[in-house]
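Look at the structure first, then read on.

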Amino acid sequence: STAGNNAAAKSESRRSALRLAFEAIRAYEESLSLEMLQVLNDCGAVVYGVIEKERMSQRVPTLCFNLPNVSPARVTEELAKQNIGVRDGHMYTPRLMKRLGLRVETGAVRASLVHYNTVEEVRRFGRVLAEITKSC
């Protein structure tokens, strides 16, 4: 029937549009991850997980890191003063923290990005991190 064909065509068109939208979101989040990795590298952070540019498709835009000589709790507190939300701790993975050689009591900092974040927000994050590392 014509109605059945139209419904099938609309369904395929919608599926195709959704696939394209998710691919665009993924590509944008990957670009944010690359920007965040650059910011963290500039601050001398140790980043845990995939960090190679050619492997960005293997990670989500959530990065765990530590700054040299600054506790994760202090990083979180200083960022919060600038209205930047991150988390610190063992992220409910104490065995992973031990495997990474981190103290379960302090853990790491976790920053999560999503498609509504901007490159400017990542750069602002970097400026605040740079201030934190200078004050230590």
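**Pockets and packing**

The second largest pocket has a volume of about 160 Å³. The model is predicted. About 220 Å³ of space lies in the largest pocket.

**Second largest pocket**

- Helix H1, residues 2–42, gives the largest share of this pocket's lining, with four residues.
- The lining consists of Leu-34, Leu-37, Gln-38, Asn-41, Ala-45, Val-47, Ile-51, Glu-52 and Lys-53.
- By type, the lining of the second largest pocket splits into five nonpolar, two polar and two charged residues.

**Largest pocket**

- With a volume of about 220 Å³, the largest pocket is lined by 13 residues.
- Closest to the centre of the largest pocket are Ile-84, Gly-85, Leu-113, Asn-117 and Phe-125.
- Two elements give two or more residues each to this lining: strand S4 (108–112) and helix H4 (119–134).
- H4 supplies the largest share, four residues.
- The lining of the largest pocket holds seven nonpolar, four polar and two charged residues.

**Aromatic pair**

- The count comes to one aromatic pair.
- Phe-65 and Phe-125 form this pair, with an edge-to-face arrangement.
- Phe-65 lies in strand S2 and Phe-125 in helix H4, so the pair ties together parts that are 60 residues apart in sequence.
- Phe-65 counts as buried because its relative accessibility is 0%, under the 20% cut-off.
- Phe-125 has a relative accessible area of 4%, so this residue is buried too.

**Asn-66**

- Which strand holds Asn-66? Asn-66 lies in strand S2, residues 62–66.
- Is Asn-66 buried or exposed? Asn-66 is buried, because its relative accessible area is 9%, and buried means under 20%.
- A polar atom of the Asn-66 side chain lies 3.1 Å from the backbone oxygen of Gly-107.
- Leaving aside neighbours within four places in sequence, Asn-66 is in contact with Ala-45, Val-46, Tyr-48, Pro-72, Leu-102, Gly-107, Ala-108 and Val-109.
- One of these contacts, Ala-45, is also in the lining of the second largest pocket.
- Gly-107 is therefore both a contact of Asn-66 and the residue whose backbone oxygen lies 3.1 Å from a polar atom of the buried side chain's residue, Asn-66.

Note on methods
Residues numbered from 1 in each chain as written. Predicted model: local features only at pLDDT ≥ 70, side-chain atom pairs only at ≥ 80, totals over all residues. Heavy atoms only, no water. 1 Å grid on protein atoms, 1.4 Å probe; cavity = no way out; pocket = protein on both sides within 12 Å on 5 of 7 lines; lining within 4 Å. Points joined across faces, edges and corners; volume = space filled by probe spheres on them. Nonpolar A, V, L, I, M, F, W, Y, C, P; charged D, E, K, R; others polar. Buried < 20%, exposed > 50% of the residue type's maximum accessible area, 1.4 Å probe, protein only. Polar contact = N/O pair within 3.5 Å; in protein donor to acceptor, adjacent residues only side chain to side chain. Contact = heavy atoms within 4.5 Å. Phe/Tyr/Trp six-rings, centres within 6.5 Å; stacked < 30°, edge-to-face > 60°.
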